[in-house]
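Dear colleague,

Please find below the structure that I am passing on to you. My findings follow it, and I would be grateful if you would read them with the structure open.

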Amino acid sequence: MTLDKKNDSARRSSLRWTVALCCWVAFIWGHSLIQGPQSTLESGMVVSLVRPVFEALGVTDVDLMSLIVRKGAHFSEYAVLGVLARCLCVALRRERASFMTDYPVTFVIIVATVPVVDECLQLFVPGRSGMPTDVLIDLAGLVMGALLAWLAGRLRRRLGR
């Protein structure tokens, strides 16, 4: 592959990951704009689906089930964001080697700001509240997703793919 084709491929890859990351942030923030009663109904539907699993594990308190589902949703949607952010970092590094060496802290701060904005948005939505503990859960999910993507990349390189 020629250098120009390689650069074009790297740019397209960066663009795809940027679009995916922005769409996911829009999904997260859009979900935060759902009013409290509707959000509670959504969580209730998920609880009813997974209730047999909870009960098999000995969890019978519906409020605890709901708490686990809601906090698990925070963690998992931010884990996806962590994967997308890591993939974008790799793509940007391939496109312009200096980007991630010149601005890694800026990139991390921008991505880590997403959960803060998310919880602030909820302060303005009826029936919702922004919680610092949710920001911490979100950040933990973000880090876990990024670590999983990093580990998957290492494994892929070791297997020669």
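The model is a predicted one.

In overall terms, the protein contains six helices and zero strands, so that its pattern along the sequence reads α-α-α-α-α-α. The C-alpha trace spans about 60 × 40 × 20 Å along its principal axes.

Helix α3

Helix α3 covers residues 62–95, and its 34 residues should span 50 Å at 1.5 Å a residue. The C-alpha atoms at its ends lie 49 Å apart, which agrees with that expectation.

Helix α3 with helix α5

The axes of α3 and α5 cross at roughly 155° and come within 11 Å. The two helices are therefore roughly antiparallel to each other, and α3 passes α5 in a right-handed crossing. On the α3 side, the contact involves His-74, Tyr-78, Leu-81, Ala-85, Leu-88 and Cys-89. These meet Phe-107, Val-111, Val-114, Pro-115, Asp-118, Glu-119 and Gln-122 in α5. By class, the contact comprises nine nonpolar, two polar and two charged residues.

Helix α5 with helix α6

Helix α5 (residues 104–122) also packs with helix α6 (residues 132–158); their axes come within 9 Å and cross at roughly 150°. This pair, too, is therefore roughly antiparallel, and the crossing of α5 past α6 is right-handed. From α5, the residues in contact are Val-111, Ala-112, Pro-115, Val-116, Asp-118 and Glu-119. From α6, they are Asp-134, Val-135, Asp-138, Leu-139 and Leu-142. Seven of the residues in this contact are nonpolar, none is polar and four are charged.

Helix α2 with helix α3

Which way does α2 lie relative to α3? Helix α2 (residues 36–56) packs with α3 at an angle of about 110°, with the axes 9 Å apart. That angle makes α2 roughly perpendicular to α3. The contact draws on Ser-39, Thr-40, Ser-43, Val-46, Val-47, Val-50, Arg-51, Phe-54 and Glu-55 of α2. Their partners in α3 are Val-62, Met-65, Ser-66, Ile-68, Val-69 and Arg-70. Eight nonpolar, four polar and three charged residues make up this contact.

Yours sincerely

Technical notes
Residues are numbered from 1 along each chain as its sequence is written. This is a predicted model: local features need pLDDT of at least 70, side-chain atom pairs count only at pLDDT 80 or more; totals for chains, interfaces and linings use all residues. Side-chain values use heavy atoms; hydrogens and water are left out. Axes are lines fitted to C-alpha atoms, for helices over the stretch in contact, and angles run from 0 to 180 degrees between N-to-C directions. Helices (H or I, at least four residues) and strands (E, at least two) are DSSP runs, numbered from the N terminus. Angles under 35 degrees count as roughly parallel, over 145 as roughly antiparallel, 65 to 115 as roughly perpendicular and the rest as oblique. A crossing is left-handed if the near helix is turned anticlockwise from the far one by less than a right angle, and right-handed if clockwise. Contact means heavy atoms within 4.5 Å. Ala, Val, Leu, Ile, Met, Phe, Trp, Tyr, Cys and Pro count as nonpolar, Asp, Glu, Lys and Arg as charged, and the others, Gly among them, as polar. The expected span of a helix is 1.5 Å times one less than its number of residues.
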